[in-house]
Amino acid sequence: MLFLTGLPLCYPLVSHWHSAQDHPNPVTLPLKVMHQNCWGENPDTDAIFDHIQESQADVVMLQECPPKLYWRIRKELCPQGYALSSDFENYDPRHHHRYNRLVILTKGFKVLKRYKLKDHPVLVIYGRSFKTGERYRFVNVHLERCYNVTEEYYQGIANQLGNFDGKTILSGDFNLVPWSHYYLKFCQMLGLKDGLKGCGLIASFPAPRNAKAGYKAPAFLPIDRLLLTPGIRTQRVDRLPCLGSDHYGFIAQIAS
């Protein structure tokens with residue numbers, strides 16, 4: 001199994017603008033952040049959609065968002081006050097990700113800028129809190145498997161992201177465990193800290209994909225990660241139940 005994953009186991013764009021005075025849900029810290037890799041070939045994403053709606057998260061970051069889920073979010077959640085930021089539909093049948101659309105949903109923020117990094121599955125949006133005026137940068141990533149790349153891959157992403165003097169919340173499928181050399185170096189390159197450190201293992205992969213799946217082995221790889229600006233912290237994190245994907249997601253409460 002370890003040979004197949006290649007990961008060593010050693011336990012240690014849609015415009016959506018709101019005016020500040022009219023926005024019904026201004027937010028400040030603590031923020032509720034939901035993260036989920038949806039599995040691009042997921043035939044039934046209703047459980048993911050329902051959990052987004054029930055969680056009332058301020059920020060939602062999705063990887064491998066299938067078309068059906070994307071259009072349902074756009075149709076049903078945007079009228080409820082979410083701003084939808086997304087790259088274009090990205091389907092490559094030769095790639096192990098297949099559908100690799102990245103989606104960021106925000107509520108209570110004026111979206112100032114959104115873009116995708118050149119040659120990397122990394123979606124970035126800049127926003128300003130309607131309530132406090134503070135600036136945030138939300139970054140959604142779906143990185144290549146660590147055994148397919150070198151340190152220069154992570155350095156290239158860090159160089160494109162650059163510095164930011166506001167609050168950064170970065171979440172995604174890293175395909176990388178938090179005790180690996182690449183992970184530790186990547187955090188240093190970005191100037192961010194591990195937002196899940198001290199919160200338990202939060203093992204996210206593999207999940208059984210659906211309730212009827214024959215594979216029932218427990219998840220043991222914590223490859224879905226959260227990075228934060230040093231000035232903020234994770235108050236609490238809860239792993240989500242299996243929502244039909246091959247990854248478990250999580251909800252984190254971010255505080256100052």
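**Helices, sheet, pocket and local geometry**

Q: Which strands does α5 touch, and what angle does α5 make with β12?
A: α5 packs on the sheet through β10, β11 and β12.

Q: What conventions apply to the model and its numbering?
A: This is a predicted model, in which local features need pLDDT of at least 70 and side-chain atom pairs count only at pLDDT 80 or more, while totals for chains, interfaces and linings use all residues. Side-chain values use heavy atoms, with hydrogens and water left out, and residues are numbered from 1 along each chain as its sequence is written.

Q: What is the strand order of the open sheet, and which are the edge strands?
A: Two strands pair if DSSP finds at least two bridges between them. The open sheet has 6 strands with mixed pairing, in the order β7-β8-β9-β10-β12-β11. Pairing on one side only marks the edge strands, β7 (109-116) and β11.

Q: How many bridges join β10 to β12, and which residue stands opposite G172?
A: β10 and β12 (residues 224-228) run antiparallel and are joined by 5 bridges. Within β12, the residue opposite G172 is R225.

Q: What is the volume of the second largest pocket?
A: A pocket is found on a 1 Å grid over the protein atoms alone, as an open set of points where a 1.4 Å probe fits, with protein on both sides within 12 Å along at least five of seven lines. Grid points are joined across faces, edges and corners, and the volume is the space filled by probe spheres set on the points. For the second largest pocket this comes to about 210 Å³.

Q: Which element gives the most to the lining of the second largest pocket?
A: Lining residues have an atom within 4 Å of a point; among them here are Y183, K193 and R233. At least two residues each come from α5 (181-190), β11 (193-194) and β13 (233-239). The most, 3 residues, come from α5.

Q: How do the lining residues divide by type?
A: Ala, Val, Leu, Ile, Met, Phe, Trp, Tyr, Cys and Pro count as nonpolar, Asp, Glu, Lys and Arg as charged, and the others, Gly among them, as polar. The division is 6 nonpolar, 2 polar and 4 charged.

Q: Is T106 buried or exposed?
A: T106 is in strand β6 (residues 103-106) and touches residues including V59, Y82 and F138. Buried means under 20% relative accessible area, exposed over 50%, and partly exposed in between (1.4 Å probe, protein chains only). Because its relative accessible area is 1%, T106 is buried.

Q: Is N175 buried or exposed?
A: N175 lies in the loop between β10 and α5 and has a positive phi of about 50 degrees although it is not a glycine. With a relative accessible area of 9%, N175 is buried.

Technical notes. Helices (H or I, at least four residues) and strands (E, at least two) are DSSP runs, numbered from the N terminus. Contact means heavy atoms within 4.5 Å. Axes are lines fitted to C-alpha atoms, for helices over the stretch in contact, and angles run from 0 to 180 degrees between N-to-C directions. Lists of a residue's contacts leave out its neighbours within four places in sequence.
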